[in-house]
Amino acid sequence: MTLLLDRRRLVLGGSLGLMALGLPGGAAMAQQVLAATGFTHGVASGEPASDSMLLWTRYVPSGQGSEVTLDVEVSTDRSFNRIQHRERVRTGGYRDWTVKVTVDGLAAGSTYWYRFVGPDGSYSSAGRMCTLPEGKAEHFRMGVFSCSNLPMGWFNAYAHASKREDVDLWLHVGDYIYEYGIASYSDADRIAERVVLPAHDHEMVALADYRLRFACYRADPDVQALHASAPMVCLWDDHESTNDSWEGGAQNHQANEGDWATRRAAAVQAYLEWMPISEEPWKAYHIGELATLYRTESRLIGRTRQADIGAAYRGGTATALSNFRDGEWMDPTASMLGSTQEAWIEREFRRNARSSAWQLVGMACIMGRTVMPQEAVSWLRSDVSNGARNSYMNAARAGAVGLPMWMDRWDGYPQARSRFLKAAQEADANLVVLSGDSHNAWAYSLSEDGRPAGVEFAGQAVTSNGMERQMGVDHARVARGFVETNPEMAWAQTHGRGYMMLDVKPHRVESEWIFFNTTKQRDETVASTHRIQVDKGHRRIQA
């Protein structure tokens with residue numbers, strides 16, 4: 001049975017190990033987990049090509065066997081009257097009963113339907129997939145998502161998007177799940193019906209924790225509908241492991257949580273099991289002559305430690321911040337991607353910019369330069385915490401000497417950012433960066449050495465809180481203040497949750513931000529939209 005998360009209780013599938021029975025208050029729910037069998041979490045597809053696709057499902061047998069073999073059917077019609085391909089695939093408890101199989105020999109630019117067949121003859125739900133085009137293509141449409149925190153709200157963005165019939169691909173740029181324990185959410189932030197496991201207070205640490213958290217998210221009906229409606233290219237950000245992670249650690253990893261390498265490996269294993277993604281750490285997808293889409297990795301493989309601005313803040317002077325700006329912040333050894341991936345994307349830009357009109361880069365963190373406006377502290381609500389107020393005050397102090405708001409983003413790694421943008425310029429690429437992470441919506445005209453280098457469309461969160469919750473002034477004033485302060489920023493909206501739709505055409509790329517009325521109830525009503533475009537050869541947003 002396919003299991004769904006509803007308003008009243010969490011029901012999800014899986015044989016996730018006896019650790020689940022030790023969860024405080026979670027024994028009854030864990031027994032439901034251990035008892036569930038069959039196809040438990042719908043289907044998904046990913047890793048699209050012109051002639052192949054990766055397909056995903058999860059199947060738990062009712063017996064005690066250690067492995068199970070499934071059949072896969074791919075049809076050119078949704079009724080499965082014209083089955084074109086059949087495959088067999090084996091899985092077991094060693095990979096949490098998840099299944100991934102790549103089907104090839106497909107026709108370019110075509111729509112197919114797929115399903116899995118269990119050893120007992122049962123069928124999974126069916127999914128729709130679209131292969132990538134070859135040669136000339138007039139347009140390609142993709143939705144972009146980020147920051148989907150389940151306890152914070154209903155996935156209305158997913159529900160709305162899954163009903164679209166004009167989509168070729170989904171792109172999720174990270175924070176598909178969150179690692180926090182339920183006790184870390186305030187009553188005002190979370191919805192009581194939106195329960196996640198593990199149910200203990202601390203965040204995910206062990207492999208069983210990460211698997212169980214994915215099982216919660218993938219049980220959500222809107223998540224399942226989104227995956228079934230179109231293929232997804234996905235990449236992780238930090239919360240798939242833990243906050244502000246990098247190659248050798250994380251802000252939210254403490255010594256009492258064990259060895260970082262062990263935790264990182266557990267997070268990666270669960271992600272690769274539960275998401276429709278190959279084990280290649282980064283990849284390019286060729287959308288005919290129209291575009292090349294890049295899946296990047298900027299968290300766990302090559303990212304160096306974030307620059308520590310704390311000592312400069314404690315120094316209390318502009319001189320301390322200026323010394324930090326001219327020293328540690330400008331360290332050329334700092335990297336978001338690592339040297340291997342930097343060299344790969346430089347080569348790919350040179351090769352693909354000659355054969356495809358657009359270079360679309362999926363990136364977890366924002367690349368556009370963003371400093372805190374000096375007047376931002378005056379925008380805060382009178383009742384914000386002292387910690388939040390101090391954070392804004394420090395960020396404004398940093399902004400006064402040209403330092404960015406967050407060291408965890410690309411502008412916290414200025415030399416690495418410069419190398420990336422120079423690679424795009426030297427390849428004569430029409431660059432469009434697609435990012436998330438900040439929870440609010442932004443658009444940038446990226447520049448390097450005073451020359452246009454491309455644009456960035458940064459999407460708002462699906463549910464995670466944005467900065468509006470701390471603001472006591474009109475949202476338009478906040479957005480205007482950011483745009484006026486930051487030369488690369490062309491537009492901002494600092495409130496509202498939703499997703500982006502990207503329409504790629506040979507001579508133009510248009511982004512549409514779609515905002516919803518609420519995430520606190522199931523409501524797909526669109527509150528507002530905003531469109532911005534870039535024309536080929538301009539490499540900056542048109543007014």
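Search the whole structure and you find two cavities of 30 Å³ or more. A cavity here is a set of points, on a 1 Å grid over the protein atoms alone, where a 1.4 Å probe fits but cannot get out. The volume is the space filled by probe spheres set on those points, which are joined across faces, edges and corners.

Before going on, some ground rules: this is a predicted model, in which local features need pLDDT of at least 70 and side-chain atom pairs count only at pLDDT 80 or more, while totals for chains, interfaces and linings use all residues. Residues are numbered from 1 along each chain as its sequence is written, and side-chain values use heavy atoms, with hydrogens and water left out.

**Cavity and pocket**

The second largest cavity has a volume of about 30 Å³. Its lining is made by Trp154, Asn156, Ala157, Val462, Arg497, Gly498, Phe516, Thr518 and Thr519. Sorted by class, that gives four nonpolar, four polar and one charged. For this sorting, Ala, Val, Leu, Ile, Met, Phe, Trp, Tyr, Cys and Pro are nonpolar, Asp, Glu, Lys and Arg are charged, and the others, Gly among them, are polar.

A pocket, by contrast, is an open set of points with protein on both sides within 12 Å along at least five of seven lines, and a lining residue has an atom within 4 Å of a point. The largest pocket comes to about 1,500 Å³. Its lining has 46 residues, and Tyr180, Asn243, Asp244, Trp406 and His439 are the ones nearest its centre. By class, this lining holds 18 nonpolar, 17 polar and 11 charged residues. Helix H9 (386-400) and helix H6 (310-315) each supply at least two lining residues, with H9 giving the largest share, five residues. Helices (H or I, at least four residues) and strands (E, at least two) are DSSP runs, numbered from the N terminus.

**Rings that meet**

There are 22 aromatic pairs. Rings of Phe, Tyr and Trp (its six-membered ring) pair if their centres lie within 6.5 Å; planes under 30 degrees apart are stacked, over 60 edge-to-face, and the rest tilted. Here are two of the tilted ones:

| Pair | Centre to centre | Angle between planes |
|---|---|---|
| Tryptophan 379 and phenylalanine 482 | 6.1 Å | 50° |
| Tryptophan 410 and phenylalanine 420 | 5.6 Å | 55° |

Tryptophan 379 sits in the loop between strand S15 (358-362) and H9, while phenylalanine 482 is in helix H11 (residues 475-485), so this pair links distant parts of the chain, 103 residues apart. Both tryptophan 379 and phenylalanine 482 are buried; that means under 20% relative accessible area, with exposed over 50% and partly exposed in between (1.4 Å probe, protein chains only).

Tryptophan 410 lies in the loop between H9 and helix H10 (414-426), and phenylalanine 420 is in H10, so the pair ties together parts 10 residues apart in sequence. Tryptophan 410 is buried at 1% relative accessibility, and phenylalanine 420 is buried at 4%.

For cysteine 130, the nearest cysteine sulfur, in cysteine 234, is 16 Å away. Cysteine 365 has its closest cysteine sulfur in cysteine 147, at 9.1 Å, which is too far for a bond. Cysteine 130 is buried at 5% relative accessible area, and cysteine 365 is buried at 0%.

Definitions and conventions. Disulfide = S-S within 2.5 Å.
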